[in-house]
Amino acid sequence: MKLSGVILDLDGTLIDSMRIWHEIDVRFFTENGLQIPDGLSEKVAKMSIQEWADFFVREYMPSLTADYIIQRIGEMASEYYRCFIPLKPYVPELLDYLDGEHIPFGVVTATYKQSALDALQRLGIRDRMQFLFAGDEYPDGKTTSFLYELASEKMNSPVSSTLVIEDALHCVKIAKYAGFLTA
């Protein structure tokens, strides 16, 4: 079967950013006079941006608003994406292969759009992407197949011949259940 499009995850797949999210959680809790609960970063990893902000307000920080939490954590993440996070090994070779085969591709990420754009620009691959759909643009983030379906439409690529490359098992399951090829 010939692939008609590829949807790439960003964090942990294209860029080596997974370690920074725990650091951001610790910084944010410390900034608000709290100690981070064990396992928090892993627990919120499956949530959309809105879901984890609501969770923080409900469980730990009732005096803050979800909008403030989203904004502040976005500010913290921005510096990492703008300045430090490297590409994962073999990303340029993968993109070169897809370009050589004339297979369209782009990014669906659960993270903040501006942070993603900053990292992709700094790493020299932003202009290679045909699209970027980010978690702060869509309330459900990657908790449903909507963003994968939107990306498939953007590429005019049938779901059955579109490959989703993900590092999060819950996202692989969502894409697979929706009929995408997955890796």
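Residues are numbered from 1 along each chain as its sequence is written, and side-chain values use heavy atoms, with hydrogens and water left out. Since the model is predicted, local features need pLDDT of at least 70 and side-chain atom pairs count only at pLDDT 80 or more, whereas totals for chains, interfaces and linings use all residues.

The structure holds nine salt bridges, a salt bridge being a side-chain nitrogen of Lys or Arg within 4 Å of a carboxyl oxygen of Asp or Glu. Side chains of opposite charge can pair when their charged atoms come close. One of these pairs joins Glu-75 to Arg-72, with 3.1 Å from N to O. Both Glu-75 and Arg-72 belong to helix 4, where three residues, about one turn of the helix, separate them; helices (H or I, at least four residues) and strands (E, at least two) are DSSP runs, numbered from the N terminus. An α-helix has 3.6 residues a turn, so residues three or four places apart point the same way. Glu-75 is partly exposed, its relative accessible area being 41%. In these terms, buried means under 20% relative accessible area, exposed over 50%, and partly exposed in between (1.4 Å probe, protein chains only); the areas come from the Shrake-Rupley method with a 1.4 Å probe, and for residues only the protein chains shown count as cover.

A further salt bridge links the side chains of Arg-128 and Asp-96, at 2.8 Å from N to O. Arg-128 lies in the loop between helix 6 (113–122) and strand 3 (132–134), and Asp-96 in helix 5 (residues 91–100), so this pair ties together parts that are 32 residues apart in sequence. Arg-128 is partly exposed at a relative accessible area of 23%, and Asp-96 is likewise partly exposed, with a value of 45%.

Lys-142 and Glu-166 also meet through their side chains in a salt bridge, at 2.6 Å from N to O. Because Lys-142 lies in the loop between strand 3 and helix 7 (146–154) and Glu-166 in the loop between strand 4 (162–165) and helix 8 (169–177), the pair ties together parts that are 24 residues apart in sequence. Both Lys-142 and Glu-166 are buried, and salt bridges that share partners join Asp-9, Lys-142 and Glu-166 into one network.

Asp-25, in helix 1, is buried yet has no salt bridge, and the nearest side chain of opposite charge, Arg-27, is 10 Å away; Lys and Arg count as positive and Asp and Glu as negative, while His and the chain ends are not counted. Apart from neighbours within four places in sequence, Asp-25 is in contact (heavy atoms within 4.5 Å) with Ile-36, Ser-41, Val-44 and Phe-56.

In helix 3, the buried residues are Ile-49, Trp-52, Ala-53, Phe-55, Phe-56 and Val-57, and their cover includes helix 1 (18–31), helix 2 (40–44) and helix 4 (66–83). Glu-51 is also placed in helix 3 (residues 49–59), but counts as partly exposed at 36% relative accessibility. Together with Asp-54, Asp-67 and Asp-140, Glu-51 forms a patch of negative charge on the surface. Such patches are made of residues with over 30% relative accessible area and no salt bridge, like charges being joined within 9 Å and nonpolar side chains (Val, Leu, Ile, Met, Phe, Trp, Tyr) within 5 Å; the place of a charge is taken as NZ of Lys, CZ of Arg, CG of Asp or CD of Glu.

Ile-165, located in strand 4, counts as buried at 18% relative accessibility. When neighbours within four places in sequence are left aside, the contacts of Ile-165 are Val-6, Ile-7, Leu-8, Asp-9, Thr-13, Leu-94 and Ala-183. Between Ile-165 and Leu-95, 70 residues apart in sequence, the C-alpha to C-alpha distance is 12 Å.

The loop between strand 1 (5–8) and helix 1 contains Gly-12, which is buried with a relative accessible area of 14% and, beyond its neighbours within four places in sequence, is in contact with Ser-17, Met-18, Lys-88 and Asp-167. Asp-16 has its place in the loop between strand 1 and helix 1 and is partly exposed, with a relative accessible area of 34%. Not counting residues up to four places away in sequence, Asp-16 touches Ile-85, Pro-86 and Lys-88.
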